[in-house]
Amino acid sequence: MKGDFMDKFLKGSGLSIVSSVAVVIAGMLLGFIVLFISNASQAPAAIVTILTFGFSSLRNFGDVLYFATPIIMTGLSVGFAYKTGLFNIGASGQFTFGAFVAVYIALNFEFLAPPLRIIAALAAAMLAGALWAAIPGLLKAYRNVHEVISCIMTNYIGMFLVNYLILTTIFDPMRASSQRVPPSTHIPIWGLDSIFTDAVRASPLNASIFVAIFSALLMYIILDRTTFGYELKACGLNKDAAKYAGINENRSIIFSMMISGALAGLGGGMHFLSGAGRTMSVADVLANEGFMGISVSLLGLNHPIGIIFSGVLIAYLQRGGFNIQPLGFAQEIIEIAIAVIIYFCAFVLLVRTQLGNVIAKTAAIFGNFIKFGADKSSKSAKSTKGKAV
Amino acid sequence: MHIIEMRNITKKFPGIIANDDITLGLKKGEIHALLGENGAGKSTLMSVLFGLYKAEKGEILKNGEKVNITGPSDATKLGIGMVHQHFKLVHNFTVLENIILGVETTKNGVLQMKDARQKVLELSQKYELEVDLDKEIRYITVGMQQRVEILKMLYRNNEILIFDEPTAVLTPQEIEALIATMRNMAAEGKSILFITHKLDEIKQAADRCSVLRKGKLIGTVDVAATSKEEMSEMMVGRKLSLTLTKKTPQIGETILQVKNLTQKGDSQKNKLTNITFDVKAGEILCIAGIEGNGQTDLVNAITGLTAVDSGTVAISGVNITNASIRNRGTQGMSHIPEDRHKHGLILDYNLAYNTVLQNYYKTPFQKMGFLQKGKIREYANQLVERFDIRASEGSNSIVRAMSGGNQQKIILAREIANSPKLLIAVQPTRGLDVGAIEYIHKQLLAQRDEGKAVLLISLELEEVMNISDRVLVMYEGEIVANVNPQNITFKELGLYMAGAKREAAVA
């Protein structure tokens, strides 16, 4: 089954692993130039760190996977919407809403035993994300409001609303953020800490990475194998034709947004129940994970399996980048370098696939033409036969 | 002596020879038609002449002298102008601004519109090309946009004019006017190359005709001395029956019943006013009319794409006025839509997926909500076989990469295979070549002979006269005539369509 996915992913996007790697290397070179301009003497050491840090120990690789998890979730959120013709730029707000609801339940629903409370918190996070995404969905379906506009608005409304809710319900004045969730409501580690560890400490990696991978598989199956996915994609590719075929296109738009929002909301919930002592700060800043999801999805060509890999790649670069600070690079320069690498890769992949499509289409048209010419004699024979019958 | 001569032109694209050793001469003051099916190489040849493509082999001579055309600017210098199939106009510029664009007269960097206006006005009067110089392009009709394109060529004093399928976008009246203009220009000494695949227009307009097939020049003939049948045979490479043999219709019970259908418009005028008619099993009822007289609104109301304001629609006595589109399908309505790319197909789905667009949720195409891809492919393969759909990768082909004729065949196959009681076909042959048109007409007749009710909406008078059993004419949202095509002439039908005549009984 897995081989089938990979095969489709690679064939469908017209890419080979070799060329993807080549693109990433070219992107690294560009990032290196940025570092070089900033601080020439330390740049070689820095780029080596970015390239190797993630693999330098199992604990560091565990950290990569840990930081990859939330952006894989938001990447899937953006990718799912994209596959169904919508641009969900609101993953940030959905992520934040899901996170708040999960943290609130983990803190307050003491009547539920911890394992149940985790499940309830995550389920509620999905629901919260779905409902928050339903707003742009409804506006798009019934009022033809472009989802990008309404998503941007719901991002800000979501952020300020959640800040207000934290302040009034689960605020911890000592930390100036939400209270810490009790350890019993942390997502289980499943022994991952004994693998992804080093002499000093273990990585906070937990079961949520499996949930992310499972979500990707589920997304693939829904989109590719079910009548529901057939409808959603049909609406995304051609809303008018879907309506003509008797598909309820408004319902499809709303469902697409809700599923997309549920993925982001679940990502938010898992991230704040992950046991690294993470709390929700009350700052007027949109959750970055939501926007990272756009890059992750773009780089993964909006394909669920591609999104897993691109999420890991981006987290890998970010962890490496984080660890060149001791070499004297400003945080801003690091972010620019990483962003240059990511966007260069995404841009090249995009251009390549678009070009690939054009070439494939042209070839197919000419192929038809030649076939048509060659079949001409058999066609006239066939049509006379048809007449006789 | 030829004003333009193309000698041994060969143009290759990867995997295909678009023009194979073509030699063509254009005489001064003649209208020279270039006939061929879609993909025969007409447009490529003209693009070579206009400098958009560079030919691998061959040469171009003007007045006997060899010329080198490397781009449209060279062509313009040589007096060659082209009206493209898709117009090249700036939509938020006025007509006048578009005409002078690129050849503006200026004085100290300031535009001198007065002289330009004078010259354009003279040209438009001389050639009877009526345009509104100060209107922006986006607010004028397609027909007027085309006149702007023609004026652009005249303004540049072009003497060799290329028209790429100019009639495809025009109404019958506009076509007539265009042909008159072309004759007028030829009489003034302009030389015209006219790309088309419509034989009637060649008969009316052209002096000579060169026929291309699969990239090769089949021959150049004198139009007056060659019959339409002969030309079509040259074009397609086999004999075509231009007139269809029809059995006498076996009229059955009423299938579709439309009663007092009225749709309000944006302004005070109704889009549809009090439309009442029915279609019976075993007949082809055709709705004729000039584009934009309410045909699209009528189809949208019947098929459920838009809601009905007042009146009723029923199939076999079942009221479906407010039924969902899916419900109409299960009641036996099939619909070949006007715009196959907008409504008929999901271009980025493969052929197989497009064949189950209305049936994907039924067994055997799904089981427990999961698509049964094997079954879908099997079904698509049957349709490919039965309807002779050609695609490079069979049922797995992405529809976007297929030719227009084969795309239309997918829709036709899908809608017929649903074995409907009522088949609604809206301009089913629009933009298709002769072979595909013949095929679709045969299929529509076959449906009628099987006892299906067929509602055909067509703008092509010939199609209306050839295959329908009964004709309704629409004018400004009303039905103005209900006639038998055997008892009416083209001319009379044209009068109804133009609103100049109205049947008393219908009103």
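Helices, of at least four residues, and strands, of at least two, are DSSP runs numbered from the N terminus, and these labels guide the tour of this predicted model.

Although B:Gln427 is not a glycine, its phi is positive, at about 40°. Is this residue, B:Gln427, buried or exposed? With a relative accessible area of 9%, B:Gln427 is buried, since the cut-off for that word is under 20%.

Next, select B:Asn8, which belongs to strand β1 (residues 4-13) of chain B, and which also has a positive phi, near 50°, in a residue other than glycine. B:Asn8 is partly exposed, its relative accessible area being 36%.

Now turn to the open sheet of chain B, whose six strands follow the order β6-β9-β10-β3-β11-β12 with mixed pairing. The edges are held by β6 (80-83) and β12 (216-222), and because each has a single partner strand, one side of each is left without a neighbour in the sheet. On average, neighbouring strands of this sheet are turned by 20° against each other, direction ignored.

Within the sheet, select β3 (residues 31-35) and β10 (residues 191-196) of chain B, which pair in the parallel sense over five bridges; here B:Leu34 stands opposite B:Ile195 of β10(B).

Finish at B:Pro364, in the loop between α12 (351-355) and β19 (366-367) of chain B, where the peptide bond from B:Thr363 to B:Pro364 is cis, with omega near 5°.

Conventions. Residues numbered from 1 in each chain as written. Chains lettered and ligands numbered in written order. Predicted model: local features only at pLDDT ≥ 70, side-chain atom pairs only at ≥ 80, totals over all residues. Heavy atoms only, no water. Pairing = 2+ DSSP bridges. Axes fitted to C-alpha atoms, helices over the stretch in contact; angles between N-to-C directions. Buried < 20%, exposed > 50% of the residue type's maximum accessible area, 1.4 Å probe, protein only.
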